[in-house]
Amino acid sequence: QVQLVESGGGLVQTRGSLRLSCAASGTIFSINYMGWYRQTPGKQRELVATITSGGSTNYADSVKGRFTISRDNAKNTVYLQMNGLKPEDTAVYYCNAELRRGLGFGTLIYWGQGTQVTVSS
């Protein structure tokens with residue numbers, strides 16, 4: 001069994017900062033990439049940022065220059081440092097990971113339960 005547990009969400013004022021964390025635990029052989037997505041009511045879940053095991057990153061245009069994704073491979077943990085927050089960043093933020101549970105296993109994608117980020121104007 002694999003679990004992804006997010007933490008660090010909350011309420012912050014415009015131009016404030018928050019740092020999200022997501023730790024993967026359980027039977028994990030390797031993790032290809034980890035990422036953050038977000039969703040608001042009535043809208044599809046959208047990519048925020050991803051990071052590979054080698055450290056290559058990808059960001060949504062809307063967060064470039066404000067958000068930074070990083071990863072601690074030894075702890076199977078991914079972080080999202082969010083600076084310069086705007087009201088439009090308000091959403092439930094979900095962590096995900098593409099991983100293998102053992103040698104010879106195929107890759108599967110797991111999701112966390114989500115953490116609410118609210119930015120007040």
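Good morning. With -70° about the S-S bond, the link between Cys22 and Cys95 is left-handed. A disulfide here is a pair of cysteine sulfur atoms within 2.5 Å, and the sulfur atoms of Cys22 and Cys95 are 2.0 Å apart. The structure holds one disulfide. Cys22 belongs to strand S3 (residues 18-26) and Cys95 to strand S9 (residues 91-100), so the bond ties together parts that are 73 residues apart in sequence.

Before I continue, a word on the source. This is a predicted model, in which local features need pLDDT of at least 70, side-chain atom pairs count only at pLDDT 80 or more, and totals for chains, interfaces and linings use all residues. Residues are numbered from 1 along each chain as its sequence is written, and side-chain values use heavy atoms, with hydrogens and water left out.

Are the two cysteines buried or exposed? Buried means under 20% relative accessible area, exposed means over 50%, and partly exposed lies in between, with a 1.4 Å probe and protein chains only. Cys22 counts as buried because its relative accessibility is 0%. Cys95 is also at 0% and therefore counts as buried.

Let us turn to the strands. Strands are DSSP runs of type E with at least two residues, while helices are runs of H or I with at least four, and both are numbered from the N terminus. Two strands pair if DSSP finds at least two bridges between them. In general, strands of a sheet pair through backbone hydrogen bonds, either parallel or antiparallel.

Four strands form an open sheet in the order S1-S3-S8-S7, with antiparallel pairing. Which strands lie at the edges? They are S1 (2-7) and S7 (67-72), each of which pairs on one side only. From one strand to the next, the twist averages 15°; the angles run from 0 to 180 degrees between N-to-C directions, and the axes are lines fitted to C-alpha atoms, for helices over the stretch in contact. S7 pairs with strand S8 (residues 77-82) in the antiparallel sense, over six bridges. Within this pairing, Arg71 has Val78 in S8 as its bridge partner.

S11 pairs with strand S2 (residues 10-13) in the parallel sense, over four bridges, and Gln13 stands opposite Ser120. S11 also pairs with S9 in the antiparallel sense, over three bridges; here Tyr93 has Thr115 as its bridge partner.

Next come the aromatic rings. Rings of Phe, Tyr and Trp (its six-membered ring) pair if their centres lie within 6.5 Å; planes under 30 degrees apart count as stacked, over 60 as edge-to-face and the rest as tilted. The structure holds one aromatic pair. The ring centres of Tyr37 and Trp111 are 5.1 Å apart and their planes meet at 65°, so this pair is edge-to-face. Tyr37 is in strand S4 (residues 30-39) and Trp111 in strand S10 (residues 108-111), 74 residues apart, and the pair thus links distant parts of the chain. Tyr37 counts as buried at 19% relative accessibility, and Trp111 as partly exposed at 36%.

Two further rings have a charge over them, which requires NZ of Lys or CZ of Arg within 6 Å of the ring centre and within 35 degrees of the ring normal. The charged end of Arg19 sits over the ring of Tyr79, 4.1 Å from its centre. The charged end of Arg45 sits over the ring of Tyr94, at 3.7 Å from its centre.

Finally, the salt bridges. Side chains of opposite charge can pair when their charged atoms come close. A salt bridge is a side-chain nitrogen of Lys or Arg within 4 Å of a carboxyl oxygen of Asp or Glu. How many does a search of the whole structure find? It finds four. One of them joins Arg38 and Glu46 at 2.7 Å, N to O; Arg38 is buried at 6%, while Glu46 is partly exposed at 37%. Another joins Lys64 and Asp61 at 3.1 Å, and Asp61 is exposed at 65%. Asp89 and Arg66 also meet in a salt bridge, at 2.7 Å, and both residues are buried. Salt bridges that share partners join Arg38, Glu46, Arg66 and Asp89 into one network. Thank you for your attention.
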